[in-house]
Amino acid sequence: MNADAKTIRSGRMHYCPVCGHTIAQRMIGDVIDELGIRERTIGTAPVGCAVLLYDYFNCDIIECPHGRIPAVATGIKRMRPENIVFAYGGDGDLLSIGLAETIHCANRGENITMIFINNAVYGMTGGQMAPTTLIGQKTITTPEGRMSTLTGAPLRICEMFDTLASPVFIERVAVHDAPHMHRAKQAIRKAFQNQIEGKGFSFVEILSMCPTHWKMAGKDACQFVGNEMAGYFSIKKFRDVDA
């Protein structure tokens with residue numbers, strides 16, 4: 001690899017306007033560049049809106065079967081502990097079909113960095129209800145709004161992880177405005193730094209916009225994250241072993 005190259009390749013990404021994936025991925029790329037770890041970084045890409053992760057990152061990216069990102073990332077890190085491994089996925093991938101892998105990866109305390117994009121809906125497959133869809137939120141599979149009596153409550157994964165002994169860093173952030181973007185980047189940096197220092201499992205949940213499937217204008221989608229999603233998914237640092 002060219003040591004002077006940037007982690008994020010130049011050119012347009014395929015995401016919809018105002019989608020949080022673009023913001024999150026550029027932050028990850030910036031952090032990797034700032035830490036000088038690009039040439040030893042390996043990412044794992046999900047099945048979902050971020051399925052083309054390998055097109056945007058100028059580092060090794062491995063495409064994973066749906067929901068198996070944590071298992072693949074675990075295998076890579078155990079076989080190549082000198083590499084920096086990040087797992088990147090959405091709510092459908094990490095919290096639905098891949099929930100068991102996600103929880104057990106955290107419980108084992110694997111020394112990886114996991115970035116979770118929570119946009120409260122299945123994006124790539126057309127806007128179905130996700131494990132994180134809010135009560136009353138309309139999707140193509142909940143046209144009258146999600147009802148807890150039928151589907152339970154939205155899954156709060158940070159709170160679940162906080163009951164486990166092994167994770168060293170757990171934080172929920174958002175990317176709907178500039179101050180929250182700054183905090184999100186700091187959390188991502190911390191999650192990578194922990195891995196570099198061999199501390200263990202670090203998890204960053206990012207509340208993200210999906211104006212296309214929420215059927216909102218971009219500004220309204222940003223307000224939905226700040227007013228509605230953050231009201232249920234508290235933006236906070238749950239754990240930091242260095243604190």
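Which helix gives the most to the lining of the second largest pocket? Helix α9, residues 211-214, does, with three residues. Helices here are DSSP runs of H or I with at least four residues, strands are runs of E with at least two, and both are numbered from the N terminus.

This is a predicted model, in which local features need pLDDT of at least 70, side-chain atom pairs count only at pLDDT 80 or more, and totals for chains, interfaces and linings use all residues. Residues are numbered from 1 along each chain as its sequence is written, and side-chain values use heavy atoms, leaving out hydrogens and water.

The protein chain as a whole has 10 helices and seven strands. Of its 243 residues, 51% are buried (under 20% relative accessible area, with a 1.4 Å probe and protein chains only).

The second largest pocket has a volume of about 150 Å³. A pocket is an open set of points on a 1 Å grid over the protein atoms alone, where a 1.4 Å probe fits, with protein on both sides within 12 Å along at least five of seven lines; lining residues have an atom within 4 Å of a point. The volume is the space filled by probe spheres set on the points, which are joined across faces, edges and corners. Its lining has 13 residues, and Tyr 15, Cys 16, Cys 19, Cys 49 and Cys 210 lie nearest the centre.

The largest pocket holds about 200 Å³ of space. Among its 20 lining residues, Val 47, Gly 48, Cys 49, Gly 92 and Gly 123 are the closest to the centre. Strand β3 (84-90) and helix α4 (91-97) each supply at least two lining residues.

Key. Buried means under 20% relative accessible area, exposed over 50%, partly exposed in between (1.4 Å probe, protein chains only).
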